[in-house]
Amino acid sequence: MPDGRVVVCPGSYDPVTNGHLDIIGRAARVFDRVIVGVVDVQVRKQAPMFEADERKAMLERSLDANGHDNVEVKVFSNLLVEFARENNAVAIVKGLRAISDFEYEFEMNQLNRKLAADIESVYIFASSEYSFIRSTGVKEMATFGGDVSDLVPPHVAEALAERARK
Ligand code: PNS
């Protein structure tokens with residue numbers, strides 16, 4: 001993996017969607033190294049559908065298929081800015097879909113900046129074809145037998161269908 005400017009792309013990735021892969025891929029073109037951080041703490045009201053190791057494996061498989069050689073996936077359970085520091089990251093990169101994301105990200109940005117003013121937050125706008133995709137919506141559709149094959153990689157759609165059958 002090349003040296004240079006490292007950034008972290010954090011998230012729950014429960015599960016990874018084509019929207020996440022779009023943001024990670026675009027970050028990988030702008031920065032030298034991208035560390036995708038899979039959160040292993042419950043940040044949402046609902047417990048994750050997949051264990052952190054499963055989410056990591058799904059990300060790795062998806063990223064392998066996209067041929068990125070400067071992207072690595074790691075699980076973390078500490079503060080995001082600490083995780084960024086441990087990995088010598090200069091920035092946290094996040095995707096923004098709509099105004100509804102803005103308020104939450106604005107708040108997170110202020111909090112993270114207070115904790116670590118030297119770690120910048122960088123936002124990449126979602127491509128229009130992915131601007132409506134959210135893991136929560138994908139899980140809900142898949143749970144009720146909806147077709148999510150346009151929204152997630154094929155192996156993720158299979159894993160969702162498998163969970164739905166259970
Ligand atoms: O995909 P998500 O669930 O929107 O992403 C969650 C994450 C990690 C990006 C969000 O919770 C965040 O920005 N957290 C920063 C605050 C922090 O350090 N929390 C501690 C555990 S992650």
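Here is a walk through the structure, beginning at the ligand and moving out to the loops and helices around it. What you have is a predicted model, where local features need pLDDT of at least 70, side-chain atom pairs count only at pLDDT 80 or more, and totals for chains, interfaces and linings use all residues. Residues are numbered from 1 along each chain as its sequence is written, and side-chain values use heavy atoms, with hydrogens and water left out.

Let's start with the ligand. It has 14 residues around it, and those that come nearest are Ser12, Arg44, Leu80, Lys94 and Tyr104; a residue counts as near if one of its heavy atoms lies within 4 Å of the molecule. By class, that shell holds 9 nonpolar, 3 polar and 2 charged residues. For that tally, Ala, Val, Leu, Ile, Met, Phe, Trp, Tyr, Cys and Pro are nonpolar, Asp, Glu, Lys and Arg are charged, and the others, Gly among them, are polar.

Now look at the ligand's oxygen atoms. A polar side-chain atom of serine 12 is 2.5 Å from an oxygen atom of the ligand. Leucine 80 takes part through its backbone, with a polar atom 2.8 Å from a ligand oxygen. Tyrosine 104 brings a polar side-chain atom to 3.1 Å from an oxygen atom of the ligand. On its own the ligand would expose 520 Å², and the protein buries 82% of that (areas by the Shrake-Rupley method with a 1.4 Å probe; for residues, only the protein chains shown count as cover).

Where does the ligand sit? It is in the largest pocket. A pocket here is worked out on a 1 Å grid over the protein atoms alone, as an open set of points with protein on both sides within 12 Å along at least five of seven lines. A molecule sits in one if more than half of its atoms lie within 2 Å of its grid points. Strand E1 (6-11) and helix H4 (99-115) are the elements that give two or more residues to the ligand's shell; helices (H or I, at least four residues) and strands (E, at least two) are DSSP runs, numbered from the N terminus.

Next, follow the chain into the loop between E1 and helix H1 (18-30), where you'll find proline 15. A cis peptide bond joins aspartate 14 to proline 15, with omega at about 0 degrees. Tyrosine 13 belongs to the loop between E1 and H1 as well, and has a positive phi of about 50 degrees although it is not a glycine. Why flag these two spots? Because most residues other than glycine have a negative phi, and most peptide bonds are trans. Is tyrosine 13 buried or exposed? Its relative accessibility is 5%, so it counts as buried (buried is under 20% relative accessible area, exposed over 50%, partly exposed in between, with a 1.4 Å probe and protein chains only).

Lysine 56 is part of helix H2 (residues 52-66) and is partly exposed, at 24% relative accessible area.

Another positive phi turns up at asparagine 88, about 55 degrees, and again this is not a glycine. Asparagine 88 is in the loop between helix H3 (80-86) and strand E4 (89-96), and it counts as exposed because its relative accessibility is 62%.

The loop between strand E5 (120-125) and helix H5 (135-143) holds serine 127 and serine 128. Serine 127 counts as buried, at 17% relative accessibility, whereas serine 128 is exposed at 61%. The side chain of serine 127 makes a polar contact of 3.3 Å with that of arginine 26 (a pair of N or O atoms within 3.5 Å; within protein, one must be able to donate a hydrogen and the other to accept it, and residues adjacent in sequence count only if both atoms are side-chain atoms).

Finally, back to helix H4, where aspartate 101 lies. Aspartate 101 is buried, with a relative accessible area of 8%. Its C-alpha is 22 Å from that of alanine 117, 16 residues apart in sequence.

Methods
1 Å grid on protein atoms, 1.4 Å probe; cavity = no way out; pocket = protein on both sides within 12 Å on 5 of 7 lines; lining within 4 Å.
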